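The entries follow in the order I looked things up.

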Amino acid sequence: MDNARSVQERFSLPSRLPYKNITMAVRERLMMELLFSNKYEPGEWINESVIANELNISKAPIREALRELAAIGLVQIVPNKGARVTEFTRRDMEEIYTIRYTLEECIFKDIIARDAITKDDINHLDGIVVEMMNIATSDSPKEILLGNFLEKDLEFHRYLWLHSELKWTTKMLLDIYLLLILGIYSFLLEADLLKTAEYHFRIIDYIKAKDVDKFKQDRSESYYSLRRQEDSIN
């Protein structure tokens, strides 16, 4: 991945696609912009006309894409007004994190019980964390750096989730994770990403040691734990 490239530069909309594929492409682009860039602020209205002009398409696939994003919870559709970026309260975030940890614990137990992670898998996960650390220490603009970092973070966790046999838990986890990123993006612009990346090495250690209890206890470097610490200081 080129860490110096923005989401818009990395994700261009293909031309001459069938309507359904255009909708999918628009949805993926909007999701990337919502989650891995600072293009939209929480609560901001999404201007369909601007997007249509940017991509040189009609508004129909944009509206369909927004409906699909609303089904996940990333945007909210307001009748007769349009769509706006979902804005989370502190209580919302606490609920999202509780759900995420509960589901991820189920995944962790499953992959350990079945010995589903091989030495090659461990090496692959180690490699992802190294990439996260390289991104965290790069001199790219913080907005681009954070987008790249979060993509790698998702790659790390999704790799683990997909090694479980809990397909519905994995599906729910992905949706929850996307909401989580949207809710804490602005906080992470000031967070210590290197410290967060290093935490993932501990996750790998817990997998190798088959230590579910340690995994449950160690939340000190999670995004939301860091946010709570920041709030208590302020």
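Which residues is leucine 66 in contact with, leaving aside its neighbours within four places in sequence? I found Leu30, Ile46, Glu48, Val75, Ile77 and Ala83, where contact means heavy atoms within 4.5 Å.

Ground rules. I am working on a predicted model, in which local features need pLDDT of at least 70 and side-chain atom pairs count only at pLDDT 80 or more, while totals for chains, interfaces and linings use all residues. Residues are numbered from 1 along each chain as its sequence is written, and side-chain values use heavy atoms, with hydrogens and water left out.

Leucine 66, continued. I located leucine 66 in helix 4, residues 59-72; helices (H or I, at least four residues) and strands (E, at least two) are DSSP runs, numbered from the N terminus. Leucine 66 counts as buried because its relative accessibility is 2%. I use buried for under 20% relative accessible area, exposed for over 50% and partly exposed for in between, with a 1.4 Å probe and protein chains only. I also checked glycine 82, which is 16 residues from leucine 66 along the chain; their C-alpha atoms are separated by 9.2 Å.

Whole chain. I counted 11 helices and three strands in the protein chain. Read along the sequence, the pattern is α-α-β-α-α-β-β-α-α-α-α-α-α-α. Of the 234 residues, 47% count as buried. Among contacts with a separation of 6 or more, 74% are between residues 24 or more positions apart. The accessible surface comes to about 12300 Å², and carbon and sulfur atoms hold 50% of that surface; the areas come from the Shrake-Rupley method with a 1.4 Å probe, and for residues only the protein chains shown count as cover.

Core. I looked next at the largest nonpolar core, which has 71 residues. Such a core is a set of buried Ala, Val, Leu, Ile, Met, Phe, Trp, Tyr and Cys residues joined through side-chain atoms within 4.5 Å. Val26, Leu30, Leu35, Leu74, Phe156 and Leu160 touch the most other members. Helix 8, residues 167-188, gives the most to this core, with 12 residues. Setting aside neighbours within four places in sequence, I listed Leu74, Leu150, Leu178, Ile181, Leu182 and Tyr185 as the contacts of leucine 35.

Helix 8. From first C-alpha to last, the 22 residues of helix 8 reach 29 Å, close to the 32 Å expected at 1.5 Å a residue; the expected span is 1.5 Å times one less than the number of residues. Helix 8 bends by about 35° at leucine 182, the bend being the angle between axes fitted to the seven residues ending there and the seven starting there. Threonine 169 also lies in helix 8. I noted threonine 169 as buried, because its relative accessibility is 14%. Beyond four places in sequence, threonine 169 is in contact with Leu103 and Ile107.

Helix 9. Which residues of helix 9 are buried? I recorded Leu193, Thr196, Ala197, Tyr199, His200, Ile203, Ile204, Tyr206 and Ile207. They cover an arc of only 160° around the axis, so they sit on the same side of helix 9; the arc is that of the directions from the helix axis to the C-beta atoms. The face turned away from this buried side carries the exposed residues Lys208 and Ala209.

Cysteine 106. I placed cysteine 106 in helix 5, residues 90-113. Cysteine 106 is partly exposed, with a relative accessible area of 37%.
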